[in-house]
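Open the structure in your viewer and keep the selection tool to hand. The stops below say what to select next and what is there.

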Amino acid sequence: MFRLNSNYGGGANSGSYTGSQAASRAESKATAVECQVKALRADLARSLMISEALWELLRDRAKLTEEDLHKKLYEIDMRDGVLDGKNQRKAQKCPDCEHMVSSRHPACIYCGKVMDDSVFSI
Ligand SMILES: [Zn+2]
């Protein structure tokens, strides 16, 4: 007989009981992730509004144009060589020890060379 979790033993119903618990846990986890996504979307909306306010203040005081903004966005987007709406560092070779360093690490894990000192990395 197939059981979802044979480590816990029990009678003939243990498989469906464990399956029910697993389903309940999965549902709870999905609900928690849904709440996190909702909170992140709210944080993002607030960040976008702050960026918009800063842009409008700067535009009005420095007499900039929307074209200036788009040119700068293009310039920043292309810093990583790909026009994809992002400017995040990719894995690259350490200039000191020549090991490949993942973009997850701000410094080389082999020699400690700082690979990314940008405050705009996520
Ligand atoms: Zn290194």
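This is a predicted model: local features need pLDDT of at least 70, side-chain atom pairs count only at pLDDT 80 or more; totals for chains, interfaces and linings use all residues.

Residue numbers start from 1 along each chain as its sequence is written.

Helices (H or I, at least four residues) and strands (E, at least two) are DSSP runs, numbered from the N terminus. A residue is buried if 20 or more other C-beta atoms lie within 10 Å of its own, exposed if 12 or fewer, and partly exposed in between, with C-beta atoms placed from the backbone.

Select Lys63, in the loop between helix H1 (14–62) and H2. Lys63 is not a glycine, yet its phi is positive, at about 55°. Lys63 is exposed, because 8 other C-beta atoms lie within 10 Å.

Next, select residues 66–77, which form helix H2. The expected span is 1.5 Å times one less than the number of residues, so the 12 residues of H2 should span 16 Å; the end C-alpha atoms are 16 Å apart, which agrees. None of the 12 residues of H2 is buried.

Within H2, pick Tyr74. Tyr74 counts as exposed, because it has 10 C-beta neighbours inside 10 Å.

Last, go to Glu98, in the loop between strand S1 (92–93) and strand S2 (100–101). Glu98 also has a positive phi, about 70°, without being a glycine. With 11 other C-beta atoms within 10 Å, Glu98 is exposed.
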